[in-house]
Amino acid sequence: RTARREAQPQGMAQLQNVTLVIPRGKDGIKNPSIVESALETELKQNEILLRVEKFSFSTNNITYGILGEHPDFRYFEFHEAPDSKKGSLSTSSPSTHGVIPVWGFGTVMASSHPKVKIGERLYGYLAMTRYLNLSIASANNTNVFVSRPHLPKDYLPYNTLTRCSSDSMWKLQDEDATALWRPLFWTSFFMEDWLSTESYKGADVVLISSASSKTAFGLAYSILKKNEVGEPKKKIVGLTSSKNVEFTKNLKLYDQVFSYDELSKLDSKSGKWIYVDVAGNNQLNENIFQTFEKNKNPLVCGIGLGLTNSEQESNVKKRSMEFFFLPTWLAKRRLQLAPGEITRIQEKAWAHLMKDSKGWLRMQTTWKKDLVEKFQITASGKLGPEVGQTFSLWDSESQFNQTKLKRYDCLQQKEDKKRKKKKKKKKNEKQAKAKTGKTT
């Protein structure tokens, strides 16, 4: 919840919150706005107040926005839009607007959960806001789990906040790159893992659209790494817009790269091909399917992975395709692999990525003042593929660094007193028992 809807009790402390929202509906992604709202700071039981500092933003997040109300994804149900007014007019509400989820870092400003302490740094599925109030289901040494009983159980990765202090893949100096790559790369990495377990559907060539996007070339990289240790090797072919061909070739992750108007240059008459659709463009998909069908070598299958293109022709035939959804596959892998095996695999892959990806992108941070403009540039597909982005609803880094860590809620103090009292009682009982035994 980025804001609460109930009336504020008199005398309750509040924070002025700032949130980026988009209108619900078909074209909402084109009309982002930043709204202000009051956020209560006195927490209910087992809640935390996070100061959201930075988060990554890419076409992946645009996909979240487009599919925000889709019944199979429900991205707008992770964080509720605030009730915000300008004068007597409503500027946003949970029923009229949505908040796009983002992957980023935050610091715990207040906590009423006994296992989550003020000052902790957490990474996870946050909101485009300054402050975020979250209900906590449980916590262990490595993770804090957000309570969202209204969402499916296989959404666990989205409900998991990673404790940076116990995260072997976290480095303070790499936070921007971590915020960007973690959600994108694990989607790509585990899709390759899924394809590998499926023996690539019997194909020997993988065709990837939107090849200059980070999710796409993250997949190409994962296949390339698998090629280094496995047989038979898969050929990787990328499709992208003509303006991005040179950048995509220079990555040296694809065997071949073509522009979308060069489909005739594909060796579509031979080999078994699978197509991974990252662009999400129905017209492009139809052209690709027809190219192979005309050469009497139909694609083995088409698999949807993303949606980098938000403009669709309603009269274009929509091909039947499989769709890869990371949480579902991860839930299955947890049942197949021994405890700790997934973590070990990830640590190894992450170390390779952090070493190999240097030089791929130019990182760029956008603060509140320019956020709406940069959001629209990203949504329109005009952002250069060489740019990696982090966003923040703060005016500058120094602004949130100067925000003092305060105990905004009295519940934390009450919980601390209860724990101390209980600990003292146990100690007294133990001493009394020891004394009794000694006397006997």
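View 1. Strand β12 covers residues 205-208 and runs parallel to β13, residues 235-240, with four bridges joining the two; strands are taken to pair if DSSP finds at least two bridges between them. V206 and I208 point one way from β12, while V205 and L207 point the other way, and all are buried, that is, under 20% relative accessible area, with exposed meaning over 50% and partly exposed in between (1.4 Å probe, protein chains only). In a regular strand the side chains alternate between the two faces of the sheet.

**View 2. L207 of β12 and its partner in strand β15.** The bridge partner of L207 in β15 is Y275. Strand β15, residues 273-277, runs parallel to β12, and four bridges join them.

**View 3. Helix α3 in the β-α-β unit.** Together with β12 and β13, helix α3 (residues 214-229) makes a right-handed β-α-β unit; right-handed here means that, with the strands pointing away from the viewer, the path from the first strand over the helix to the second runs clockwise. The 16 residues of α3 reach 23 Å from the first C-alpha to the last, close to the 22 Å expected at 1.5 Å a residue, the expected span being 1.5 Å times one less than the number of residues. Among the buried residues of α3 are F217, L219, Y221, I223 and N227.

**View 4. Two loop residues with positive phi.** R74 lies in the loop between α1 (59-66) and β4 (84-86), and K201 in the loop between α2 (175-197) and β12. R74 has a positive phi of about 60 degrees although it is not a glycine, and K201, also not a glycine, has a positive phi of about 60 degrees. R74 is partly exposed at a relative accessible area of 21%, and K201 is partly exposed at 24%.

**View 5. Confidence along the chain.** The mean pLDDT, the predictor's confidence in each residue from 0 to 100, is 88 for the protein, and 89% of its residues reach 70 or more. Over residues 1-12 the pLDDT is below 50, although beyond near neighbours in sequence this stretch has 37 contacts in the model, a contact meaning heavy atoms within 4.5 Å. Where pLDDT is low, the predicted coordinates should not be read in detail.

**Notes.** Residues are numbered from 1 along each chain as its sequence is written, and side-chain values use heavy atoms, with hydrogens and water left out. Local features need pLDDT of at least 70 and side-chain atom pairs count only at pLDDT 80 or more, whereas totals for chains, interfaces and linings use all residues.
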